[in-house]
Amino acid sequence: MRIAVLGVGSIGGVVLGALSDSQIDLLAVARGQTAKNLSDIGLILHTPEGSIEMIPSERFIIVDSETPLSESIQSSCDVALICGKAASTPVLAQLAEEMLTSDGLAISLQNGLGNSEILANRIGRDRVLGGSITHGAWGDGDGSVYWVGRGAIRMGGLDGGPASGIASELFAALSDAQLEPIWSEDVQQIVWRKLLLNVAINPVCAIAGVRNGAILEVPELWEQSLAAMSEAVSVARGLGVNLGEVELEDHLRKVVEATSENRCSMLQDVMAGRLTEIDSLCGAVVERGEILGIPTPANQALHAMVKGIEKSSEFA
Ligand code: KPL
């Protein structure tokens with residue numbers, strides 16, 4: 001089996017590193033300094049248990065996403081695991097299309113709404129899986145990835161149904177790599193439940209410049225997080241998404257407690273001078289709320305402020 005990991009940031013690094021200890025043929029698709037670090041020093045993965053794994057560059061084929069694909073890579077991959085930031089999805093979808101075999105699958109493990117749909121438009125709905133990941137990670141930008149908390153990978157077909165064929169093989173590979181895959185027949189629920197956590201935690205922590213745990217320590221921040229989440233819940237319900245039985249405020253509290261020492265991905269982006277995923281998080285909620293006639297003032301305000309932070313640092 002050949003798997004390409006597209007986007008080797010912190011989450012892509014965890015997935016690539018965890019899969020390295022297998023017989024699977026691996027491709028690491030990255031650009032710029034990340035591609036250079038991978039080929040110069042390989043991948044250094046710090047595991048949640050404290051061990052440090054040095055994965056040499058020979059373990060994977062490194063593909064620079066900014067150069068044309070070599071013929072030996074075109075149409076050669078069974079799975080494209082999309083781990084890049086939401087803004088890069090159109091580019092990564094095109095690369096995935098070129099890399100995949102005619103029945104190969106693409107799966108999005110990204111934050112935000114709309115990623116699987118972009119992949120489906122390019123590759124075909126029956127060859128795309130949706131997903132979400134709750135493993136915690138951060139990267140230092142110099143080739144080291146810190147896997148700070150074990151979580152799970154939830155995944156499923158866009159139209160439901162059980163796993164079969166390449167999807168079953170992928171599931172087994174993720175399971176052997178201890179990435180804890182969980183198959184779901186309701187991919188909308190997976191993606192929206194992750195989005196609820198992201199709109200509640202990411203912009204508030206990125207604007208305030210605090211680790212996740214601060215949301216529970218500062219009542220005013222908790223209020224903002226809850227407001228953003230409850231608007232997103234209304235929009236999801238308006239769209240007919242089944243969010244399941246979980247008590248959502250309680251779930252948010254537990255995730256914040258479990259990740260209290262983490263800097264969320266949006267704060268990491270702001271600190272590193274990268275564009276954030278605010279458009280596919282709060283922006284996507286506002287956009288869908290407008291169509292449904294559901295007010296989303298908290299998401300609108302958070303969206304505007306994060307856009308302001310991006311602008312003030314001239315990230316764009
Ligand atoms: O997914 C996350 C992120 O940082 O993007 C959360 C759940 C907020 C954990 O930090």
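Begin by selecting the ligand together with Ser265, where an N or O atom in the side chain of Ser265 is 2.5 Å from an oxygen atom of the ligand; keep in mind while you look that this is a predicted model.

Taken alone the ligand exposes 280 Å², and the protein buries 85% of that.

Now show the whole shell around the ligand, which brings in Lys194, Ile201, Asn202, Asn212 and Cys264 beside the residues Asn111, Asn198 and Ser265. If you colour this shell by class, you will find two nonpolar residues, five polar ones and one charged. Which element gives the largest share of the shell? Helix H6 does, with four residues.

From here, follow H6 (187-208) to the second largest pocket, where strand E12 (181-183) and helix H9 (248-258) also give two or more residues to the lining. H6 again deserves a careful look, because it gives the most to this lining, with five residues. The pocket has a volume of about 260 Å³, and of the 13 residues that line it, the closest to its centre are Ser132, Arg154, Ile190, Arg193 and His251. By class, the lining holds five nonpolar, five polar and three charged residues.

Finally, colour domain 1 (2-185) and domain 2 (189-312) separately: both give residues to the lining of the second largest pocket, so this pocket lies between them.

How values were computed. Residues numbered from 1 in each chain as written. Predicted model: local features only at pLDDT ≥ 70, side-chain atom pairs only at ≥ 80, totals over all residues. Heavy atoms only, no water. 1 Å grid on protein atoms, 1.4 Å probe; cavity = no way out; pocket = protein on both sides within 12 Å on 5 of 7 lines; lining within 4 Å. Points joined across faces, edges and corners; volume = space filled by probe spheres on them. Nonpolar A, V, L, I, M, F, W, Y, C, P; charged D, E, K, R; others polar. Domains from an automatic or database assignment. Near = heavy atom within 4 Å. Polar contact = N/O pair within 3.5 Å; in protein donor to acceptor, adjacent residues only side chain to side chain. Areas by Shrake-Rupley, 256 points an atom, 1.4 Å probe, with all protein chains shown as cover.
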